[in-house]
Amino acid sequence: MTEILLKNADLILTMDESRQELSRADVLVRDGQISRIGRGLETQGEVHDASSCVVTPGLVNTHHHLYQTLTRAVPGGQDALLFGWLQTLYPIWSRFGPEEMFTSAQIGLAELALSGCTLSSDHLYLYPNGARLGDTIAAASELGMRFHPTRGAMSIGESDGGLPPDSLVEKEAAILDDMIRVVDTFHDSSEGSMCRVGLAPCSPFSVSRDLMRDAALLARDKGVMLHTHLAENDEDIAYSQAQFGCRPGQYAEELGWTGPDVWHAHCVKLDGAEIDLFSRTKTGVAHCPCSNCRLGSGIAPVRAMRDAGIKVGLGADGSASNDNGNLMLEARQAMLLQRVANGADAMSAREALEIATRGGADVLGRPDCGRLMPGKRADIAVWDTRGIESAGSWDPAALLLAGPMTVKHLFVEGRQIVRDGYITTIDLPRVIERQNMLARALQA
């Protein structure tokens with residue numbers, strides 16, 4: 001039996017059913033689970049002093065493209081809208097291979113971990129030069145991150161009227177075969193699982209109607225979740241209406257892409273009827289505020305979604321459209337955008353942090369994560385409030401208003417992967433050096 005005790009935290013934000021906040025309290029971890037939360041707890045195991053710290057559940061990232069950490073700030077894409085941005089980057093991504101996928105995933109996941117993230121999804125939808133989903137799964141396993149990779153796909157290339165170059169698309173029969181392979185090989189549905197696989201055709205404008213429908217049927221047969229991009233910007237809506245004769249929400253519903261086992265990224269342009277549809281069907285949303293700002297896509301109607309009872313989590317999205325992977329900054333941006341759109345009282349710092357923790361876990365079908373409660377997984381972030389960011393703060397719970405954006409300690413399944421602000425499980429300076437070398441080679 002392995003025990004860890006986080007002792008004497010200034011404040012514990014549990015995100016439990018009553019959103020309880022405990023001052024001067026302890027968290028006892030036993031064998032990867034939270035055993036007890038309270039005051040005066042003792043252990044014969046490892047003790048971490050959490051005084052002057054706020055303890056929260058680990059943050060949850062519901063949408064990412066980890067491979068994109070190799071293509072940050074590409075000049076041709078810095079000021080482009082979504083479709084032009086994609087057309088700039090596709091030729092670069094077509095030169096990736098297994099090493100690029102593995103290294104970029106390690107960098108992206110390490111960056112997330114330093115921002116307090118313990119569980120991340122990833123949407124990998126291109127597989128050039130022998131790259132496979134297992135490359136990213138290996139990266140997450142080495143780092144120690146809880147991981148929800150999705151087997152994405154593109155099947156409609158430029159010669160068939162799609163956006164991606166033909167070199168990046170796959171035959172649909174081969175896509176479905178590999179979806180079966182990765183689920184059978186890597187998916188673990190058990191409580192406390194460190195790896196769950198989803199199926200994720202890239203978008204309605206890069207795959208056929210048949211593949212969308214077949215992927216939904218396969219996911220239900222295998223008992224895994226479904227993910228794609230939807231209603232990201234005005235171009236997306238125009239494409240759906242021109243090609244399918246309907247709005248994106250209706251297209252998704254017709255093909256079986258609504259339900260509690262589905263979550264869609266972005267949803268910036270959902271209208272009232274689509275919000276009602278998502279609420280009625282318990283369909284989830286990955287909100288990516290920084291990427292939406294960077295690409296000029298707009299402000300997602302998160303306040304209306306939350307008020308309608310829709311499950312909403314946060315997504316960093318890829319670093320080619322966000323530039324970083326700090327989930328605390330993402331939560332702050334989500335809060336600020338809802339205030340811009342709806343007034344200063346539209347979203348509190350506590351609610352935004354709830355979306356970043358419990359909200360994301362619920363979107364990914366992980367009620368065992370995203371909250372600090374006995375019996376839940378020991379995914380825990382410890383935030384030191386002695387720094388300059390918190391100086392003068394009257395409310396330590398308002399981390400998103402006045403608090404650190406980098407975590408002090410981070411535990412995943414009770415294993416410490418960040419200690420005093422440094423990754424413990426991989427040689428991060430060496431990985432950064434390798435990443436920069438690969439980026440320079442892509443520019444040559």
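Buried residues are those under 20% relative accessible area, exposed residues are over 50%, and partly exposed ones lie in between, as found with a 1.4 Å probe on protein chains only. The views below show a predicted model, in which local features need pLDDT of at least 70 and side-chain atom pairs count only at pLDDT 80 or more, while totals for chains, interfaces and linings use all residues. Residues are numbered from 1 along each chain as its sequence is written, and side-chain values use heavy atoms, with hydrogens and water left out.

**View 1. The aromatic pair of F83 and F205.** Both F83 and F205 are buried; for F205 the relative accessibility is 6%. Rings of Phe, Tyr and Trp (for Trp, the six-membered ring) are paired if their centres lie within 6.5 Å; planes under 30 degrees apart are stacked, over 60 edge-to-face, and the rest tilted. The structure holds 9 aromatic pairs. In the pair shown here, the ring centres of F83 and F205 are 4.9 Å apart and the planes stand at 55 degrees, so the pair is tilted. Helices (H or I, at least four residues) and strands (E, at least two) are DSSP runs, numbered from the N terminus. Because F83 belongs to helix α1 and F205 to the loop between β9 (198-201) and α5 (209-222), the pair ties together parts that are 122 residues apart in sequence.

**View 2. The aromatic pair of F205 and Y239.** F205 also forms an aromatic pair with Y239, and this one is edge-to-face, with 5.9 Å from centre to centre and 70 degrees between the planes. Distant parts of the chain are linked by this pair: F205 is in the loop between β9 and α5, Y239 is in helix α6 (residues 234-244), and the two are 34 residues apart.

**View 3. An aromatic cluster, and a charge over a ring.** One aromatic cluster is formed by Y67, W85, Y90, W93, F96 and Y125. Also shown is Y127, whose ring has the charged end of R151 over it, 4.1 Å from the ring centre. A charge sits over a ring if NZ of Lys or CZ of Arg is within 6 Å of the ring centre and within 35 degrees of the ring normal.

View 4. On a 1 Å grid over the protein atoms alone, a cavity is a set of points where a 1.4 Å probe fits but cannot get out, and a pocket is an open set with protein on both sides within 12 Å along at least five of seven lines; lining residues have an atom within 4 Å of a point. Grid points are joined across faces, edges and corners, and a volume is the space filled by probe spheres set on the points. The count comes to 1 cavity of 30 Å³ or more. The largest cavity holds about 160 Å³ of space. It is lined by 19 residues, of which L82, W85, L86, H229 and E232 are the closest to its centre. Helix α1 (residues 82-93) provides the largest share of this lining, 4 residues. For the classes that follow, Ala, Val, Leu, Ile, Met, Phe, Trp, Tyr, Cys and Pro count as nonpolar, Asp, Glu, Lys and Arg as charged, and the others, Gly among them, as polar. The lining of the largest cavity has 9 nonpolar, 8 polar and 2 charged residues.

**View 5. The largest pocket.** The largest pocket contains about 300 Å³ of space. Of its 19 lining residues, T69, L70, T71, R72 and A439 are the closest to the centre. At least two lining residues come from each of α2 (98-114) and α14 (428-443), and α14 gives the most, with 7 residues. By class, the pocket lining divides into 12 nonpolar, 5 polar and 2 charged residues.

View 6. N61 is part of strand β6 (residues 59-61) and counts as buried at 0% relative accessibility. Contact means heavy atoms within 4.5 Å. Leaving aside residues up to four places away in sequence, N61 touches several residues, among them L112, C117, L314 and L364. V407, in the loop between β14 (380-384) and β15 (409-412), is buried with a relative accessible area of 2%.

View 7. H266, in strand β11 (residues 262-266), is not a glycine but has a positive phi of about 85 degrees. H266 is buried, at 1% relative accessible area. D420 is found in the loop between β16 (415-419) and β17 (422-423), and its phi is near 50 degrees, also a positive value in a residue other than glycine. D420 is partly exposed, with a relative accessible area of 47%.
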